[in-house]
Amino acid sequence: MEILWFALAVLCWVLFFALEGFDFGVGMLAPALGRDDHERGAAIRTVGPVWDGNEVWLVAAIGVTFAAFPDWYAALLSGLYLPMVLVLLALAARGVAIEFRGKVDTPVWRRRCEVALAVSSFLTAGLFGAVVAVAMTGLALDPTGAVVGTGLERSLAPLVSGPALAGAVLGVLAALVQGATFLGLRTTGPVRVRARRVAVGSAVAAGVVAAGVAVVVGGLAALFAGVVALLALAAAVAAAWRYEGTAFAAATLGVVGAVVAAFTAHVPVVLPSTLDPASSLTISGAAASPYALTVITVGAVLILPGVIAYQAFSYWVFRRRVASERVTA
């Protein structure tokens, strides 16, 4: 039962990062790719119907981690509470920027909302990348599973490290590749052309960084990083040849591979201790009681299929491209 719920927790995190990745990328790219208010609006409308549904998977991922692995949840959230608070504030700013952009009919107001969307999307992608890298490398856990340290140092010190910086850079680049390939797939006109160029450049950059990570980390993690690098380069080639669906699929598979690698690199350990390997949290050690896992299994069977079906339906309904070119009479 613990293994099943660990797989479900990883699946929820994978779905969140894979679906929100292009949301973050579109948010960062919309002000840059749109030359005027009409083009920027077209870029933002590609994610308008789905962005809030994508964020549901963050709630699901945190809920599953809390319910099935309370010790893992407690260590992660208590050790990284300040970065997670910043992530939540940035996510809230993104939502406000998207929802309120059309509430006041002035170019100045819309421009401010677009800048807020770009900044908050950049911060969210970077912070999530750093947090995942820290979770992969571990925290200072004592034998009870609690994070050692007090005050700001305990929560911020893990982010001031090479792995966290590399994770932040990869998080931003991955979002840019996904966002650019998604815009190439979902728009027509000048935004589509510019998005294709950005997709090629950002995918090459992401591939180079992932290859550098593969050289530094070594072992099984290097194999995953190498695969991610190849997928990024495949996305660049596909975007250059105008195979937009293939480019988006390769970019998304790269994100999936990176997240799976981050969460399974030390299995059965789910959170390594940087102080003593014996203090690391394992799947069985961090899991809830068998009775609790049985109860939440019933809830998952009832809820998850409905969430997946609704989200698939919304993507089907809004599957057509958004025109970014102006139509003159």
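Let's start with a pair of helices. α10 and α11 pack at an angle of about 165 degrees, and their axes lie 8 Å apart. Here axes are lines fitted to C-alpha atoms, for helices over the stretch in contact, and angles run from 0 to 180 degrees between N-to-C directions. Helices are DSSP runs of H or I with at least four residues, strands are runs of E with at least two, and both are numbered from the N terminus. The two helices, α10 and α11, are therefore roughly antiparallel to each other. The cut-offs are these: under 35 degrees is roughly parallel, over 145 roughly antiparallel, 65 to 115 roughly perpendicular, and the rest oblique.

A word on the source. This is a predicted model, where local features need pLDDT of at least 70 and side-chain atom pairs count only at pLDDT 80 or more, while totals for chains, interfaces and linings use all residues. Residues are numbered from 1 along each chain as its sequence is written, and side-chain values use heavy atoms, with hydrogens and water left out.

Back to the pair. The crossing of α10 and α11 is left-handed. That term applies if the near helix is turned anticlockwise from the far one by less than a right angle; clockwise is right-handed. Which residues of α10 and α11 make the contact? From α10, they are F224, V228, L231, A234, A235, A238 and A239. From α11, they are T246, A247, A250, A251, L253, G254, G257, A258 and A261. Contact means heavy atoms within 4.5 Å. The residues of this contact divide into 13 nonpolar, three polar and no charged. Ala, Val, Leu, Ile, Met, Phe, Trp, Tyr, Cys and Pro count as nonpolar; Asp, Glu, Lys and Arg as charged; the others, Gly among them, as polar.

Next, the loop. R242 lies between α10 and α11, which covers 244-264. Most residues other than glycine have a negative phi. R242 is not a glycine, yet its phi is positive, about 70 degrees. Is R242 buried or exposed? R242 is exposed, at 58% relative accessible area. Buried means under 20%, exposed over 50%, and partly exposed in between, with a 1.4 Å probe and protein chains only.

The contact of α9 with α10 has 21 nonpolar residues, three polar and one charged.

Two single residues. A211 sits in α9. A211 is partly exposed, at 33% relative accessibility. Its C-alpha atom is 30 Å from that of L88, 123 residues apart along the chain. L170 belongs to helix α8 (residues 162-186). L170 is partly exposed too, at 24%. Leaving out residues up to four places away in sequence, L170 touches A206, V209, A210 and V213.

Last, the whole chain. How many helices and strands does the protein chain have? There are 13 helices and four strands. The radius of gyration is 20 Å, close to the 20 Å that the globule rule gives for 329 residues, so the chain is as compact as a globular protein of that length. The radius is taken over C-alpha atoms, and the rule is 2.2 Å times the number of residues to the power 0.38. The C-alpha trace spans about 70 × 45 × 35 Å along its principal axes. Of the 329 residues, 47% count as buried.
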